[in-house]
Amino acid sequence: MNKREKFVIEGGKPLKGEVTLCGAKNSGFKLMIASLYADGRSEIRNFSKITDTFSTGEIIRNLGGEVIFGENHIVTVSGKSLSNWVISSGQGKLSRAATYFIGPFLSRFGKAVVSNPGGCKIGRRPLDRHFEGIKALGAKIKGQDGHYLISAKELKGTRYRFPKVTHGGTDVMVITSVLAKGKTVLENAALEPEIDDLIAFLNKMGAKIERKPGRIITIEGVKELKSASHSVMPDRNEAVTFACAALATKGDVLVKGADKKVLGAFLEQLDKVGGGYEIDGKDIRFYYKKQLSPCNILTHPYPGFMTDWMAVWSVLMTQAKGESVIHETIFENRFAFFEQLIKMGVKVKLFNPRVPRPEEVYSFNLKDDRPEYFHAARIFGPATLKPARLEIADLRAGATLILASLIAKGKSELTGAELVDRGYENLDEKLRGLKANIKRTE
Ligand code: EPZ
């Protein structure tokens, strides 16, 4: 277990300067897994030095695969020496990525054993849409005490429609069908840009994957895949985190690598609330222009307002003058971070809005909802945030509490700094580069 570390933050100062985004957390490790199809060494550049990357490397090595982390954010991966097809639940959080391994395992061994990682803090996160899709490709799946044995001599292309949009499920069906015999057509597929990063990499390996209008993806099965090299796209969640930090501290930050093409829904909200931004080629400058106005948002699969942006956006809205509503529709239980913000003086009321057709509005399976879960928050601003001593519960909440501590005048202490490393490379170092007074201690 990592040693417990904490952030000590002296808040109340505007962030100023420039920061460069790292490779997308929700793309990098998936490319490492896709590389396992090839015997040659694939080269993945601009990966983020975060826990998800390193634990994926760990898992691949334990399976006999080759992973070499080189200098300047380059990792090479080869599946040639893979000798194991079991991802046990012992692999911790990262076994969430277990279904991504099924394709390479079936192509090499004709079988795979994965555990169902079970839920996490934001919801049950079942994998039914993954397994239904893999079965549709002709695999046999037998489940026993939390483990699934998947077997298939050969996968056959199929037409599969996702019952509800799923980012991970789309990733997994794309990865698993690349060597299937014949053509696979995915319907109601997710549109997240990290999926396009995966598609681009697989196509460089020799796959034949194409996005068609109307959430369709076609995959023509090929005989084999060869190693390739690819640079991971910048992390759009990190871009939004720094943008909200710049605006919430009344600062001015140039975010290098912030690509307007994948941040449309966020920039649209900034226009509504009066947040300043200036697009400068492949970078965006975010700056405080005037008192922020409130707004109402509903999170939605891409190209909508992303659920991962919701927590830092909530902190920003505590500084807006008036009432803002946030309606989270992707995960069933993603508001736990509010209890910590309330200790800092945030005024928020959690509630459940009346939704005529919840089956259509919510991405989670309704049977996973619970009466004690809230799906909307009404935030009253502007609130004066007080410094506090708090526990970081999970990765996204960590960035949220750091942001709140940067606003609150005075000294805050946040334990659980190591959790933030799961999704952000050197966040405190980058913030110091923006003149924030943040220290990391054991
Ligand atoms: C991915 O999670 C991301 N994770 C998430 O980041 C991100 O918030 C989410 O997509 C939305 O973009 C990675 O890419 C590693 P979904 P994922 O399948 O694939 C339910 C992070 O780790 N569902 O689109 O799990 C699911 O529980 C996260 O940083 C089923 O019920 O998202 C959720 O409520 C935070 N059955 C909803 O659908 C399934 O088989 C959307 O999930 C699959 C999903």
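Let's start at the ligand. A polar side-chain atom of Lys25 sits 3.3 Å from one of the ligand's oxygen atoms. Asn26 also places a polar side-chain atom 3.3 Å from a ligand oxygen. Pro126 uses its backbone instead: an N or O atom there lies 3.2 Å from a ligand nitrogen. A polar contact here is a pair of N or O atoms within 3.5 Å; within protein, one must be able to donate a hydrogen and the other to accept it, and residues adjacent in sequence count only if both atoms are side-chain atoms.

A word on the model. It is predicted, so local features need pLDDT of at least 70 and side-chain atom pairs need pLDDT 80 or more, while totals for chains, interfaces and linings use all residues. Residues are numbered from 1 along each chain as its sequence is written, and side-chain values use heavy atoms, with hydrogens and water left out.

Which residues come nearest to the ligand? Arg129, Thr166, Gly168, Asp308 and Ile330, out of 26 around it. To be counted as near, a residue needs a heavy atom within 4 Å.

Now the domains. Domain 1 covers 6–22 + 234–441, and domain 2 covers 25–231. Those bounds come from an automatic or database domain assignment. Their centres, taken over C-alpha atoms, are 30 Å apart.

How many residues meet across the interface? On the domain 1 side, 29 residues are in contact with 26 of domain 2. Contact means heavy atoms within 4.5 Å. The two domains bury about 2300 Å² between them, and carbon and sulfur atoms give 45% of that. Buried area is the accessible area (1.4 Å probe) that two parts lose on being put together, summed over both. Of what domain 1 buries against domain 2, Tyr302, Arg422 and Glu425 supply 28%, more than any other three residues.

Four salt bridges cross between domain 1 and domain 2. The rule asks for a side-chain nitrogen of Lys or Arg within 4 Å of a carboxyl oxygen of Asp or Glu. Arg124 and Asp368 form a salt bridge, at 2.7 Å from N to O. Helix H7 (236–248) and helix H12 (395–407) each give at least two residues to the domain 1 side. Helices (H or I, at least four residues) and strands (E, at least two) are DSSP runs, numbered from the N terminus.

Last, some backbone details. Tyr302 is back: its peptide bond to Pro303 is cis, with omega near 10°. Pro303 lies in the loop between strand S18 (296–298) and helix H9 (310–317). Gly381 to Pro382 is cis too, with omega near 0°. That proline, Pro382, is in the loop between strand S21 (376–381) and strand S22 (389–391).
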